[in-house]
Amino acid sequence: MKLSTRLMAATALATTAASGAAAEDLTLCWAAWDPANALVELSKQFEETSGHTMNFEFVPWPNFADRMLNELNSGGQLCDLLIGDSQWIGGGAESGHYVKLNDFFNSEGISMDDFAPATVYAYSTWPKGSENYYALPAMGDANGWFYRRDWFEDPDIMAAYKEATGQDLREPESQQEMLQIAQFFQGREIDGQTRYGAAIFTERGSEGITMGATGALYAWGFKYENEPGTYDMEGAVNSPEAVEALEFYKTFYQTATPPGYTDSYMEQGLDAFKSGQVAMAMNWFAFFPGLYADPDVGGDKIGFFVNPPQNQPASTLGGQGISVVAYSDKQEAALEYIKWFAQPEIQQQWWDLGGYSAHNAVLGSDTFVDSAPFAADFLVAMESVQDFWQEPAYAELLLAMQKRLHDYIVADQGTAQEALDKLIEDWTETFEDEGKL
């Protein structure tokens with residue numbers, strides 16, 4: 001027999017009172033996007049069973065990093081819980097912003113072996129590869145692709161592509177094939193409107209062009225270091241493969257994107273696709289449930305695919321872990337939320353509502369692959385994800401890459417080789433200042 005919401009809440013409050021624990025008002029901070037809305041809905045169960053009240057501070061993505069990193073660096077008490085980007089984990093740990101969770105995990109029987117290895121490594125650990133945990137994997141994510149399936153399956157368009165290329169129009173199986181398809185659609189008239197190839201990331205201000213271009217760089221074999229942990233970047237960051245990948249991304253931008261697409265990221269890409277401007281678009285898997293449900297371009301009109309390989313399979317990692325903020329005076333209640341969220345049944349509901357669980361019980365279930373048209377692609381993407389530097393100096397490292405890539409790709413300054421050589425100089429200076437070189 002299911003208890004009513006009111007009775008469950010009353011029971012929870014009585015239990016809290018009996019145990020001597022005070023009901024708290026907790027604030028969880030995250031970015032403002034579809035998964036955050038799903039988490040609000042999911043968290044109602046925590047309120048009912050714990051007696052605590054959940055408040056949420058959601059910040060638009062373009063402002064999210066500045067707002068939250070300023071909050072942490074100032075020792076602010078706005079956030080009791082923070083779903084922070086994977087790249088923040090080093091700074092969060094070394095600067096003492098995040099509570100180390102090892103003792104709590106051990107006492108509560110929460111095992112990191114229950115979560116996908118890539119997400120534990122990227123979202124939870126510092127130093128990388130250690131067993132020091134500062135977050136629970138909360139939102140698995142990677143940069144993937146979607147396309148106008150109805151256009152790809154249109155007999156006239158298929159015939160035109162066959163005539164132009166000698167190949168069948170299909171989901172691309174390499175980066176170069178993806179560019180060929182995008183160039184085919186560039187400027188093509190479909191249903192009386194001019195369409196374009198693809199929406200890719202070109203934004204300079206936050207992280208956009210880096211998150212987009214690394215989809216090509218990683219697929220060509222780009223590495224940040226010759227050996228992990230050495231900060232030895234010469235010949236890795238500016239390898240011949242990296243140069244070729246960066247040239248490829250610039251060609252993609254110049255020959256297969258909508259006009260004026262000079263400073264675009266998540267929202268602009270979604271708008272370009274939903275308005276029918278483009279045949280394909282890159283974006284985070286987090287947006288795929290909403291796209292599939294879209295009445296104009298979703299359903300049987302949309303298809304999804306993993307970032308195609310070139311020299312190797314690779315996808316740019318997104319996603320976040322959930323941490324307890326060290327400056328919170330409600331850490332005990334915040335840890336209760338972590339414990340609740342880690343339960344397999346809650347993780348399953350998280351996926352069902354549109355979040356991306358990283359729990360093996362969800363990802364490895366017999367029903368997962370068929371639970372959404374992009375579920376199988378998500379599993380494939382997470383097998384070969386790569387992330388940006390997770391160093392405490394992450395923000396400075398990112399701004400340097402944003403500048404060098406945007407100057408070369410969009411502003412058409414210099415060569416790819418020069419851009420990557422200068423990037424090594426920028427990063428070397430940062431690591432020298434950090435005492436790591």
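Predicted model: local features only at pLDDT ≥ 70, side-chain atom pairs only at ≥ 80, totals over all residues.
1. A quick definition before we start: Ala, Val, Leu, Ile, Met, Phe, Trp, Tyr, Cys and Pro count as nonpolar, Asp, Glu, Lys and Arg count as charged, and the others, Gly among them, count as polar.

2. The pocket has a volume of about 490 Å³, and 23 residues line it, with Trp61, Pro62, Ala65, Ser206 and Glu207 lying nearest its centre. Two or more lining residues come from each of helix H3 (61–73), helix H12 (266–274) and helix H18 (394–409). H3 is the top contributor here, giving eight residues.

3. Now the largest pocket. Its volume is about 690 Å³. Of its 24 lining residues, the ones nearest the centre are Tyr121, Lys128, Tyr224, Glu225 and Asp387. Helix H6 (117–123) and strand E11 (385–386) each supply at least two residues of this lining. H6 has the largest share, with three residues. Sorted by class, the lining comes out at 13 nonpolar, four polar and seven charged residues.

4. The largest cavity holds about 100 Å³ of space. It is lined by 14 residues, and nearest its centre you'll find Asp85, Glu207, Trp284, Gly318 and Gln320. Which element gives the most to the lining of the largest cavity? That is strand E10 (residues 315–324), with four residues. The lining as a whole has six nonpolar, five polar and three charged residues.

5. The second largest cavity holds about 50 Å³ of space. Among the residues lining it are Trp145, Gln175, Met178, Gly212, Ala216, Phe248, Tyr249 and Asn307. Helix H9 (175–185), helix H10 (208–220) and helix H11 (240–256) each supply at least two lining residues. Have a look at the class count: eight nonpolar, four polar and no charged residues.

6. Two of those helices, H10 and H11, also meet each other. Their axes come within 8 Å and cross at roughly 130°. An angle from 65 to 115 degrees would count as roughly perpendicular and one over 145 as roughly antiparallel, so H10 and H11 are oblique to each other. H10 passes H11 in a right-handed crossing. On the H10 side, the contact uses Ile209, Gly212, Ala213, Ala216, Leu217 and Trp220, and these meet Glu241, Ala242, Glu244, Ala245, Leu246, Phe248 and Tyr249 in H11. By class, that contact has ten nonpolar, one polar and two charged residues.

7. The axes of helix H2 (residues 34–50) and helix H14 (residues 331–341) come within 11 Å and cross at roughly 115°. That makes H2 roughly perpendicular to H14. The crossing of H2 past H14 is right-handed. Leu39, Leu42, Ser43, Gln45, Phe46, Thr49 and Ser50 in H2 meet Ala333, Glu336, Tyr337, Trp340 and Phe341 in H14. The class count for this contact is seven nonpolar, four polar and one charged.

8. Most residues other than glycine have a negative phi, and most peptide bonds are trans. Trp126 and Pro127, though, are joined by a cis peptide bond, with omega about -5°. Pro127 sits in the loop between H6 and strand E4 (136–148). What about the phi of Tyr231: positive or negative? It is positive, near 60°. Tyr231 lies in the loop between H10 and H11.

How values were computed
Residues numbered from 1 in each chain as written. Heavy atoms only, no water. Axes fitted to C-alpha atoms, helices over the stretch in contact; angles between N-to-C directions. Parallel < 35°, antiparallel > 145°, perpendicular 65-115°, else oblique. Left-handed = near helix turned anticlockwise from the far one by under 90°. Contact = heavy atoms within 4.5 Å. 1 Å grid on protein atoms, 1.4 Å probe; cavity = no way out; pocket = protein on both sides within 12 Å on 5 of 7 lines; lining within 4 Å. Points joined across faces, edges and corners; volume = space filled by probe spheres on them.
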